[in-house]
Structures are given as C-alpha cells and as structure tokens.
Amino acid sequence: MRALYQQCELFAPTSYPILLIGETGTGKTWLAKAIHGLSKVKHGPRVECAIPHLGNLALDQLVGHCKGAFTGASERYRGRIEQATGGSLFLDEVGLASPKVQAILLTLVEAQTVTPLGSEREIPVRVRVIAATNEPLAKRVRQGRFREDLYYRLGVLPLILPPLRKRRADIPLLASHFLATEAASEQLPVPVLSPEAIRRLRGARWPGNLRELRTVMIRALLRARGRGVIEVGDLQFDPDPEAPKAKGRKFSPEIVRTALKRAGNNKSRAAAELGCSRKTIQRKTLLAVE
C-alpha cells in the first residue's frame with residue numbers, strides 16, 4: 001500500500017487524468033477524495049458522477065442545457081462537468097458509459113470544453129478528471145464497447161488498487177481504523193482486536209473488500225459494547241457463495257469446546273469463527289460431548 005500512496009502523491013499535483021482500477025469496495029471513491037485534497041484544485045469543487053446512475057438523463061446531467069432546449073427546460077442548467085469547473089470530476093464506473101457519453105468525455109479531456117444541450121457554443125472548462133473502473137478498460141476496448149482513444153486519454157496515470165485478499169498485512173491496521181472511526185461516530189470506547197480475531201480477519205476472503213471489512217467492524221463494535229476487546233465470536237460475516245465449503249472438515253472436541261467458550265456458548269458465533277454452518281457446529285458439539 002505504501003507504493004500506492006507514493007504514486008498517489010506523485011500523480012495528484014499534476015493536471016493529467018487519473019484512472020483508478022480496482023474491484024468493487026477497494027476504496028476508489030476514498031482515493032479520489034484523497035487525490036482531490038492533494039491536487040492544485042483542492043480548493044475548488046469536487047463533483048462525483050456515477051455513470052450507471054445517470055440513466056436516460058445522462059447527457060443532460062453531464063453537459064446541462066440552455067433555456068428552451070426542450071419542453072420543460074425553463075432555465076439554464078449547469079451539468080456536472082460545468083459544476084466541476086476549477087475543481088475535479090470523479091467519474092465512477094466509467095467503463096459503462098454509453099457511446100454518446102464517451103464522445104462527450106473525449107472532448108472534455110482533449111479540449112476541456114463542453115456543449116450544453118440546445119446550444120452550439122462550446123463552453124471552456126478547467127476540470128481535473130479522475131475516472132474509476134472495476135475491470136480493465138482494455139478488455140472493453142477489445143470487445144468494441146469502449147473507445148480506444150478515450151481509453152488512452154483517461155489512462156495516462158493509472159492507479160491499481162489491490163483487493164484486500166492480496167494485502168492481508170494491512171488488514172489489522174485497516175480494521176483498527178474503522179473501529180476508531182465508528183466508535184467516535186457512536187461515542188463508544190474504542191476496543192482492541194484479540195489475536196484470535198486478527199487471525200480470523202486475515203484469513204477471510206473479503207469479496208467485498210474494504211466495504212465489507214467496515215461492515216464487519218461495525219457489527220463487531222456493537223456486539224462487543226461494554227467490553228474492551230473484540231473476540232472472534234464478535235465477528236459476523238456475510239455468506240460468501242464462493243467460499244470453500246466446510247463440509248467434512250475435521251474438528252477435534254477441544255477445538256469445538258474452545259470456540260464455544262470464546263463465543264459464550266453461542267453456536268452461531270462459534271460457527272463464524274470456525275468457518276462453518278450453525279448446523280455443523282451443533283453436530284460437532286454433540287460428537288464432542290459423546
């Protein structure tokens with residue numbers, strides 16, 4: 001992660017477009033905010049634009065319109081691009097942009113101009129473009145779904161955000177950060193993670209990446225309310241359909257008893273610790289008693 005932050009500090013002060021590449025939940029929106037804060041336009045507006053959420057009004061939302069451009073256009077409207085003038089424009093999931101939106105973005109990064117609907121006059125803008133994608137745009141270019149010229153304009157300075165499963169050494173620090181942030185928000189004491197909880201966090205698959213880690217930490221914070229330590233039993237994960245099945249895994253009686261003890265005899269928490277279903281832990285418990 002240190003190398004990523006160093007690249008971020010190197011790229012941020014420039015005026016070139018930055019392309020953030022990473023799976024869902026890896027922190028692209030957070031990094032875009034950090035880049036804006038380190039840029040020359042940090043005192044200007046920071047406008048976010050989620051491409052898939054623009055819907056049928058994509059062009060109007062992006063470029064705006066003039067009065068009388070269409071029925072109901074009773075006044076001049078400045079689109080997201082104009083709103084970002086003097087600052088930065090964050091384009092999330094840019095790979096899903098329609099051909100018309102791609103053409104508008106190409107004009108923006110090449111000429112720094114925008115033409116509102118109902119107008120023939122190009123309006124000059126000064127916008128720092130930060131785009132994000134959860135899959136390599138080169139793949140969409142090969143499929144004929146993304147303009148090659150726009151790809152090379154947006155990808156001048158690429159930043160790749162690795163998934164959480166590939167930076168497990170960062171997990172304890174990130175988990176502690178989320179705990180401190182959420183505890184401050186809820187006016188609760190900040191608990192620490194037990195060694196067993198840290199091992200469990202490091203061993204998880206994290207398909208939801210940072211977003212999932214934050215959610216797990218919020219749950220753990222509330223489960224451990226009144227205690228200063230978060231144990232394995234306080235960790236509640238969402239079901240992961242791609243996770244290896246625990247069926248047939250051998251649990252010794254001692255492992256089962258220890259997990260149940262840590263979980264306060266709560267079978268659901270013990271199952272979460274061991275990475276199996278509640279039915280499995282119940283069956284193994286009966287075997288351990290026998």
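A crossing is right-handed if the near helix is turned clockwise from the far one by less than a right angle. The views below come from a predicted model.

**View 1. Helix 1 crosses helix 2.** Helix 1 (residues 2–11) passes helix 2 (residues 28–38) in a right-handed crossing. Their axes lie 9 Å apart, and the packing angle is about 40 degrees. The two helices are therefore oblique to each other.

**View 2. The contact of helix 1 with helix 2.** Helix 1 contributes Leu4, Tyr5, Cys8 and Glu9. Helix 2 answers with Trp30, Leu31, Ile35 and Leu38. Of the residues in this contact, seven are nonpolar, one is charged and none is polar.

**View 3. The buried residues of helix 2.** Lys28, Leu31, Ala32, Ile35 and His36 are buried in helix 2. Seen down the helix 2 axis, these buried residues fall within an arc of 145 degrees, so they line one face of the helix. Their packing partners include helix 1, strand 1 (18–22) and strand 2 (46–50). Strand 5 (87–92), strand 8 (127–133) and strand 9 (157–161) are also among the partners. Leu31 and Ile35 are buried, and both also take part in the contact with helix 1.

View 4. Gly79 sits in the loop between strand 4 (77–78) and helix 4 (80–83). Gly79 has a relative accessible area of 0%. Buried means under 20%, so Gly79 is buried. Beyond residues up to four places away in sequence, Gly79 touches Asp60, Gln61, Leu62, Val63 and Gly64. His65 is 14 residues from Gly79 along the chain, and 7.5 Å separates their C-alpha atoms.

Technical notes. Residues numbered from 1 in each chain as written. Predicted model: local features only at pLDDT ≥ 70, side-chain atom pairs only at ≥ 80, totals over all residues. Heavy atoms only, no water. Axes fitted to C-alpha atoms, helices over the stretch in contact; angles between N-to-C directions. Helix = DSSP H or I, 4+ residues; strand = E, 2+ residues; numbered from the N terminus. Parallel < 35°, antiparallel > 145°, perpendicular 65-115°, else oblique. Contact = heavy atoms within 4.5 Å. Nonpolar A, V, L, I, M, F, W, Y, C, P; charged D, E, K, R; others polar. Buried < 20%, exposed > 50% of the residue type's maximum accessible area, 1.4 Å probe, protein only. Arc of directions from axis to C-beta.
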